[in-house]
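Thanks for coming. I will walk through one structure, sheet by sheet and then helix by helix. Please have the sequence and the model open.

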Amino acid sequence: MEAIETVVGYHVVTKHHFHAYARSLGYLDWASQPDPFRRFSEAELHLLPLTGDDHSPAYDSVFTSGAVESRPLSLETLGSLFEHSLALSAWKQFQGERWALRCNPSSGNLHPTEGYILVDALEGLRDRPAAYHYAPKEHGLECRTEIDPGVWKTLAAGFPPGTFFAGLSSIHWREAWKYGERAYRYCQQDVGHALAALCIAAAMNGWPCVLLDGLGDAHVAALLGLDRAADFEGAEAEHPDLLLAVLPGPPGQPVPRTLPAVSMRDAHWHGRANALSREHVDWQAIEAVVPACVKPAVEVEARALSLPGPPPAHVRNLSARRIVRQRRSAVAMDGETELARDFFYGMLARTMPREGRVPWDALAEPPALHLGLFVHRVHDLAPGLYVLPRRPEAERALRKAMRQGFLWEKPASCPDALPLYTLQLGDYREAAAVASCHQDIAGDGAFSLGMLAEFEESLEHYGPWYYRHLFWEAGMIGQVLYLEAEAAGLRATGMGCYFDEPVHALFGLTDLRFQSMYHFTVGGPVEDPRLSTQPPYSEERRRLPL
């Protein structure tokens, strides 16, 4: 299939090697640095409330579907959803330079991902259904168009009353400005970060989520207004990624994974997109892979979501809202901090898809990514190379693909439900750092890892567009690990820069059956005292009556 060949070709040509990195400018053209905030001129902005001092719910409870009591949809709960997923988390400042951080992680803090929502009439917004773009700097919703009530009724048919739809799109130039042709990888990875952030923020309100994976890109673009060329004239295009159904509570019947075809062409759309840069550099590799990865509409069956299960056995005295807001990427690790073994096992368990486990319950497809771990400083766990198959059937395939002679022994202290295996004992600190583009942070943490995707089989089974989904899954794992690190009193960093083939060689992988998609490290952070931190929103904004 030609499209699969294009995708594989892109993946191969954008690999980093010891002797050569994937193509980029090699420097940062500050004059063309993209604006981190997209706005639509003349689109009415509705400011959303900020949560304030509300510290509920408990952090551990949000990962169990149904453990948090469902809250009614309102302007306040909708504001909470965005505040704890795509909003600003802080401003940083150094020598007169000021930049924003967000709750959702992003490669290089460039934030190619844009958020949207389609929602019924809601007090404080509009008395008709409408489609909105989320503006994180203002923490508000820009009304792009009102939706005919009859059209909304058709869209929402089959979903519980109160369901709304959240959408994500990508502006590839925001990443390509810095990372060149490898940027498409990072854009998709950031979609995964944002997807997990939305699911976890929804769970704080007791709202389950379902990825509408039956939709094709063209349908998503039409619903979000991304196919309106005139609205993006002179501005960077947005590429449709996904729509997520956010439910008002556990449904009593199977939930659709697609939406009926409706026409939005007759709707009156508001606003024109702002241009983010004066000049651009086009990368042929990205221009080739984008059309090859276009998602078609597919037939899918409705999903029967699991009923609320028992509350988590152990709930720490931690606020989910606080953990989400304080999430940061470490710039360096201290090379000393040791991670408690039980915390380590607990972190890995959170990455394991289970029925009713947030954010994984939003996905219908089985996991295709597995963790190859470099354990450095975990108390009472021998340093070495480990692997965590995230799907039982994958263990056999990993054993067959990896180097013969690996131990494949389960640590005696490891819980029965966690399929963690020792491959080889030893000091892998230097190897981890070298493999991650000579970044010391990968060896100075308590542990680091590479996310190994079932690459070849996934593309053949689902089609070339699934290349994007593999990175989405990687980003979701990353977001969970970011929060788990914060909850353990540590910090994490996602690393998109690694030497692809040398990483594969460490695990004995020699072909395209498995490919590393994302690297990650967790440990004790070294703070930069030169940086000052300010709140994400002004005191006046936080006190603004709505």
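Which residue is the bridge partner of valine 119 in E6? The partner is alanine 130. Before I go further, please keep in mind that this is a predicted model.

Valine 119 brings us to strand E5, which covers residues 113-119. Seven of the seven residues of E5 are buried, so the strand is largely enclosed by the rest of the structure. You can check this by looking at the two ways its residues point. Thr113, Gly115, Ile117 and Val119 point one way, while Glu114, Tyr116 and Leu118 point the other way, and all are buried.

Now the neighbours of E5. Strand E6, residues 130-135, pairs with E5 in the antiparallel sense over four bridges. Strand E8, residues 164-170, is joined to E5 by six bridges, and these two strands also run antiparallel. Tyrosine 116 has glycine 167 of E8 as its bridge partner, and leucine 118 stands opposite phenylalanine 165 in E8.

Let me widen the view to the sheet. In what order do the seven strands of this open sheet come? The order is E2-E7-E6-E5-E8-E10-E9, and the pairing is antiparallel. At the edges stand strand E2, 45-47, and strand E9, 209-211. Each of those two has a single partner strand, so one side of each is left without a neighbour in the sheet. On average, and ignoring direction, neighbouring strands here are turned by 30° against each other. A helix also packs on this sheet: H5 touches E5, E8, E9 and strand E10, 239-246. The direction of H5 makes about 15° with that of E10.

That takes us to the helices. H5 spans residues 183-204, and H14 spans residues 466-487. At what angle do H5 and H14 pack? The angle is about 55°, with the axes 6 Å apart. That makes H5 oblique to H14. The crossing of H5 and H14 is right-handed. On the H5 side, the residues making the contact include Tyr184, Arg185, Gly192, Leu195 and Ile200. On the H14 side, among them are Tyr467, Phe471, Trp472, Gly475 and Leu483. By class, the residues of the contact of H5 with H14 divide into 11 nonpolar, six polar and two charged.

H14 also meets helix H13, residues 455-462. The axes of H13 and H14 come within 9 Å and cross at roughly 130°. The two helices are therefore oblique to each other. Is the crossing of H13 and H14 right-handed or left-handed? H13 passes H14 in a right-handed crossing. The residues that meet are Phe455, Ser458, Leu459 and Tyr462 in H13 and Tyr466, Tyr467 and Leu470 in H14. Of these, six are nonpolar, one is polar and none is charged. Note Tyr467 of H14, which takes part in the contact with H5 and in the contact with H13.

Next, strand E12, residues 369-375. How many residues of E12 are buried? Seven of its seven residues are buried, and the strand is mostly covered. Leu369, Leu371, Leu373 and Val375 lie on one side, with His370, Gly372 and Phe374 on the other, and both faces are covered. Seven bridges join E12 to strand E15, residues 447-454, and the two run antiparallel. There, valine 375 stands opposite phenylalanine 447. E12 also pairs with strand E13, residues 384-388, in the antiparallel sense over five bridges. In that pair, leucine 371 stands opposite leucine 388.

My last item is an open sheet of three strands, in the order E4-E3-E18, with antiparallel pairing. Why is one side of E4 and of E18 left without a neighbour in the sheet? Strand E4, 97-102, and strand E18, 532-534, stand at the edges, and each has a single partner strand. Neighbouring strands of this sheet are turned by 30° against each other on average, direction ignored. Strand E3, residues 88-94, is joined to E18 by three bridges, and the two run antiparallel. Tryptophan 91 stands opposite glutamine 534 in E18.

That is the end of the walk-through.

Technical notes:
Residues are numbered from 1 along each chain as its sequence is written. This is a predicted model: local features need pLDDT of at least 70, side-chain atom pairs count only at pLDDT 80 or more; totals for chains, interfaces and linings use all residues. Side-chain values use heavy atoms; hydrogens and water are left out. Two strands pair if DSSP finds at least two bridges between them. Axes are lines fitted to C-alpha atoms, for helices over the stretch in contact, and angles run from 0 to 180 degrees between N-to-C directions. Angles under 35 degrees count as roughly parallel, over 145 as roughly antiparallel, 65 to 115 as roughly perpendicular and the rest as oblique. A crossing is left-handed if the near helix is turned anticlockwise from the far one by less than a right angle, and right-handed if clockwise. Contact means heavy atoms within 4.5 Å. Ala, Val, Leu, Ile, Met, Phe, Trp, Tyr, Cys and Pro count as nonpolar, Asp, Glu, Lys and Arg as charged, and the others, Gly among them, as polar. Buried means under 20% relative accessible area, exposed over 50%, partly exposed in between (1.4 Å probe, protein chains only).
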